[in-house]
Amino acid sequence: MQITVHGQPVTLLGKEKKVGAEAPAAKVKTIQGKQDVIGMIAPTAQLLIAIPSLKTEVCSLGAKKFNDLIAEFKKLKTIMITTDDETFVTDFIEREKIDNAEIVIDQERQFAKKYGLLISEGKLKDRLARAVFLVDGEGVIAYKELVSEIVDEVDYDACIQAVQNLLSEKKKGHTHENWMSV
């Protein structure tokens, strides 16, 4: 897979993930320095937001915008993934008051590789491509957007609509109304 960085084609490394595929588990590091696992089956839906670097204007604005947009979704776990250093991320969270999402660090690039987002060359080598994955409670990718040009923003409206649709879906299986009817 490829994206462009300021118009120059760049190859992404890792396994491309598509809607309907199982979301792989990936180890990341919290800002408290602990290992955590994201992706896979979870008690709630997960919004995984890949951010190349919070040190850039597009990324920092995107993180703040997502933090505001997802505030209403209490049954959604939002995780922003970056490769920035722990000190910068901690300062960014405090300075920008990021309180509706968790920001984690893809230190070993496991998330980048397992989701096909690792930039292979150029000045952004070993960074994440800009992308969003919505994973349902069964661990299946329900929505994906990979931004084709690194300096462009994600389609926030489409992403939030996908979140609303997923969270408003009725659970499959029996319900009180139909389990008694025969």
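1. Lining of the largest cavity. In this predicted model, the largest cavity is lined by Ile 49, Ala 50, Ile 51, Val 58, Cys 59, Gly 62, Ala 63, Phe 66, Arg 130, Glu 153, Val 154 and Tyr 156. Two elements give two or more residues each to this lining: β5 (45-50) and α1. Helix α1 gives the most, with 5 residues. By class, the lining holds 9 nonpolar, 1 polar and 2 charged residues. Here Ala, Val, Leu, Ile, Met, Phe, Trp, Tyr, Cys and Pro count as nonpolar, Asp, Glu, Lys and Arg as charged, and the others, Gly among them, as polar.

2. Volume and criteria. The largest cavity holds about 80 Å³ of space. The count is 1 cavity of 30 Å³ or more. On a 1 Å grid over the protein atoms alone, a cavity is a set of points where a 1.4 Å probe fits but cannot get out; a pocket is an open set with protein on both sides within 12 Å along at least five of seven lines; lining residues have an atom within 4 Å of a point. Points are joined across faces, edges and corners, and volume is the space filled by probe spheres set on them.

3. Basis of the model. The model is predicted: local features need pLDDT of at least 70, side-chain atom pairs count only at pLDDT 80 or more, and totals for chains, interfaces and linings use all residues. Residues are numbered from 1 along each chain as its sequence is written, and side-chain values use heavy atoms, with hydrogens and water left out.

4. Packing of α1 and α4. The axes of α1 (residues 57-69) and α4 (residues 156-168) come within 12 Å and cross at roughly 35°. Axes are lines fitted to C-alpha atoms, for helices over the stretch in contact, with angles from 0 to 180 degrees between N-to-C directions. The crossing is right-handed, meaning that the near helix is turned clockwise from the far one by less than a right angle. Gly 62, Lys 65, Phe 66 and Leu 69 of α1 meet Tyr 156, Cys 159 and Ile 160 of α4. Contact means heavy atoms within 4.5 Å. The residues of this contact divide into 5 nonpolar, 1 polar and 1 charged. Helices (H or I, at least four residues) and strands (E, at least two) are DSSP runs, numbered from the N terminus.

5. Second largest pocket. About 160 Å³ of space lies in this pocket. Its lining consists of His 6, Pro 52, Ser 53, Thr 56, Glu 57, Val 58, Cys 59, Lys 123, Leu 124, Arg 130, Ile 150 and Val 151. These divide into 6 nonpolar, 3 polar and 3 charged. His 6 sits in the loop between β1 (2-5) and β2 (8-13). Its phi is near 55°, a positive value in a residue other than glycine.

6. The loop between β4 and β5. Met 40 lies in this loop. Its phi is positive, about 55°, although Met 40 is not a glycine. Met 40 is partly exposed, at 35% relative accessible area. Ala 42 also belongs to the β4 (35-38) to β5 loop. Ala 42 counts as buried because its relative accessibility is 18%. The cut-offs are under 20% for buried, over 50% for exposed and in between for partly exposed (1.4 Å probe, protein chains only). The C-alpha atoms of Ala 42 and Glu 138 are 6.9 Å apart, at a separation of 96 residues along the chain.

7. Thr 30. This residue is in the loop between β3 (26-29) and β4. At 7% relative accessibility, Thr 30 counts as buried. Thr 30 touches Asp 36, Glu 102 and Val 104, leaving aside residues up to four places away in sequence.
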